[in-house]
Amino acid sequence: MRYCILILLPGLVFGGCVAMPSLQERRFTIACAGLAFPVAFKDDEATLYLPDRIAVLPQVRAASGAKYQEGHVLLWNKGNEALLEIGDKRYEKCRVAHAR
């Protein structure tokens with residue numbers, strides 16, 4: 001969200017915009033064949049809690065769904081379906097479930 005503020009004082013005008021961070025973090029579990037991990041979505045990034053590391057991926061442009069990528073780690077999801085790529089390893093047909 002972005003809020004713009006305009007302050008008028010006698011003889012002076014101050015204006016500016018500030019991006020307000022989202023206060024709500026959404027947590028899910030993604031289950032792929034041979035791999036399941038928690039993920040948290042907040043603002044324009046996804047944090048993946050993988051077995052060997054934590055990966056923070058910024059959101060990037062996608063033709064459909066939501067896509068997050070940083071270096072050789074990519075997460076794409078649309079609805080309850082997801083795809084994860086880590087280097088040359090590709091996990092397809094992943095399912096997204098609400099965290100409990």
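**Ring and disulfide assignments**

Tutor: The charged end of lysine 89 sits over the ring of tyrosine 91, 5.3 Å from the ring centre. This is a predicted model, in which local features need pLDDT of at least 70 and side-chain atom pairs count only at pLDDT 80 or more, while totals for chains, interfaces and linings use all residues. Residues are numbered from 1 along each chain as its sequence is written, and side-chain values use heavy atoms, with hydrogens and water left out.

Student: What makes the charged end of lysine 89 count as sitting over the ring of tyrosine 91?
Tutor: The term requires NZ of Lys or CZ of Arg within 6 Å of the ring centre and within 35 degrees of the ring normal. The distance for lysine 89 is 5.3 Å, and the charged end is assigned as sitting over the ring.

Student: Why is the pair of phenylalanine 28 and phenylalanine 41 called edge-to-face?
Tutor: Rings of Phe, Tyr and Trp (its six-membered ring) pair if their centres lie within 6.5 Å; planes under 30 degrees apart count as stacked, over 60 as edge-to-face and the rest as tilted. Phenylalanine 28 and phenylalanine 41 show 5.8 Å centre to centre and 65 degrees between the planes, so the pair is edge-to-face.

Student: Why is the pair of phenylalanine 41 and tyrosine 68 called tilted?
Tutor: Their ring centres are 5.4 Å apart and their planes stand at 50 degrees, so the pair is tilted. Phenylalanine 41 lies in strand 4 and tyrosine 68 in strand 7 (residues 66–70), so parts 27 residues apart in sequence are tied together. Strands are DSSP runs (E, at least two residues), numbered from the N terminus. Ring pairs link Phe28, Phe41 and Tyr68 into a cluster.

Student: How do you know that cysteine 32 and cysteine 94 form a disulfide?
Tutor: A disulfide is a pair of cysteine sulfur atoms within 2.5 Å, and the sulfur atoms of cysteine 32 and cysteine 94 are 2.0 Å apart. Cysteine 32 lies in strand 3 and cysteine 94 in strand 10 (residues 89–98), so the pair ties together parts 62 residues apart in sequence.

Student: Why does cysteine 32 count as buried?
Tutor: Buried means under 20% relative accessible area, exposed over 50%, and partly exposed in between (1.4 Å probe, protein chains only). Cysteine 32 has 10% relative accessibility and therefore counts as buried. Cysteine 94, at 2%, counts as buried as well.

Conventions:
Helix = DSSP H or I, 4+ residues; strand = E, 2+ residues; numbered from the N terminus.
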